[in-house]
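Work through the exercises below with the sequence and the model open. Each task is followed by a solution in steps.

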Amino acid sequence: MANATMKPLQVGLLGIGTVGLGTWTVLRRNEEEITRRAGRPIRITWIADMAQARAREVTRGAEINLTADAKAVLAHPDIDIVVELIGGIEPARSFILQAITNGKHVVTANKALLARHGNEIFAAAHAKGVMVAFEGAVAGGIPIIKALREGLTANRIEWIAGIINGTSNFILSEMRAKGASFDAVLEEAQARGYAEADPTFDIQGIDAAHKLTIMSAIAFGVPMQFDKAYTEGIAQLTQADIRYAEELGYRIKLLGITRRTASGIELRVHPTLIPAKRLIANVEGVMNAVLVKGDAVGPTMYYGAGAGAEPTASAVIADLVDVTRMHTADPEHRVPHLAFQPDQLSDLAVLPIGEVATSYYLRMRVLDRPGVLADITRILADRDISIDAMSQKEPPEGEDQTDIIMLTHRTIEKFVVDAIAKIEALSTVRDKVVRIRLEELN
Ligand code: HSE
């Protein structure tokens, strides 16, 4: 095989934890096929990891240079590509910036870092003429960056809606299927190793917001704006709402939604009712799915493992192959980092959550008396909020309180917030109104 005899592209791996080890394993296992695709061998020749004993153990028998000093790898003249799989902000950010300064291409799966400091990193890479590839940062093994940046390049992308956090999807799936409580399922997710080191990132929607920020930037040609993303997690969801949603033909998922509107970009992560018959509503457990609506292609959906050693390694190695194929090309012939040419980014603002248009599920605990419903519907009508469906439960035997559930048509969030404040002030309304956003995704 002629290409296998070419000088290998040399990779310095920073971090041989879960994804690092997956990358090491898959790159070696599929070496021959990867070489046939890339045009020359890709070889990890240096690994930097603080846990030296473990690094030695997992690479035993291989010809490899191990060090605890990442800077030695960043500065090594033989290294062509630095793969950053440490995660977190520092020292990952400084290492990547140093690699770029040293003229190395970078592959990273670090979603938090790109969402928060991507603008700085891409500007540095552009100035230096090196590539920063990040397929593994969003939805693990699903090639969604490739799809958005290249496959859908003809389209004006209208919106993206994704289940992009496996831990929270696992929790919601188990709560619905087994009637289990939030706390019990979270414990199981942690025991199975799905959750981030800090699980609040998963359950508060922060991890999903990191991934959504990256997809939004590529879809609409805007800078990364994580600080403007709205995030609401799943910890408040109850069995009652999961059941009521089901009775009305909906499932509750933690969705990341980004949409282009005439007045700005929506960038939001929150629990969302979606029709149970939609394909994406049936994505269960730790799996991820991303639905993308393009004006020409219509809706397309991407499904697969959103985390894990080998699925994420699959994305990291795809980036390594891309970089290998393109590293001798002129920078202007490469795919731009954020899909649009760097001088063509738009400054379309991210809309505050109060200006977002969506539908709502409202659950109200009320006294079962004449006129209660009339008072509530009057408050909604006064704010132009139109009711799409309604259900009232029989009060349990001997009780005088019951639940009213309403689904609204699309409206502006600030009007709903105002209506809820007025409804909660009624003496016949006995508890906080539960409000969950609803998207038909059609
Ligand atoms: N904690 C993440 C998840 C891992 O649950 O999806 C992948 O980013």
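A pocket, on a 1 Å grid over the protein atoms alone, is an open set of points with protein on both sides within 12 Å along at least five of seven lines; a cavity is a set where a 1.4 Å probe fits but cannot get out; lining residues have an atom within 4 Å of a point. A volume is the space filled by probe spheres set on the points, which are joined across faces, edges and corners. The model is predicted: local features need pLDDT of at least 70 and side-chain atom pairs count only at pLDDT 80 or more, while totals for chains, interfaces and linings use all residues. Residues are numbered from 1 along each chain as its sequence is written, and side-chain values use heavy atoms, with hydrogens and water left out.

**Exercise 1.** Describe the second largest pocket and state why it lies between two domains.

Step 1. The volume of the second largest pocket is about 330 Å³.
Step 2. Its lining has 16 residues, with E232, G233, Q236, R435 and I436 nearest the centre.
Step 3. Strand 17 (434-438) and helix 15 (413-424) each supply at least two lining residues; helices (H or I, at least four residues) and strands (E, at least two) are DSSP runs numbered from the N terminus. Strand 17 has the largest share, three residues.
Step 4. Domain 2 (147-305) and domain 3 (355-438) both contribute to the lining, so the second largest pocket lies between them. The domain bounds come from an automatic or database domain assignment.

**Exercise 2.** Trace the pairing of strand 2.

Step 1. Strand 1 (residues 9-14) runs parallel to strand 2, joined by six bridges; two strands pair if DSSP finds at least two bridges between them. L9 has I42 of strand 2 as its bridge partner.
Step 2. Strand 2 also pairs in the parallel sense with strand 3 (residues 65-67), over three bridges. W46 is partnered with N65 in strand 3.
Step 3. From strand 2 the chain passes through helix 3 (residues 52-58) to strand 3 in a right-handed β-α-β crossover; right-handed means that, with the strands pointing away from the viewer, the path from the first strand over the helix to the second runs clockwise.
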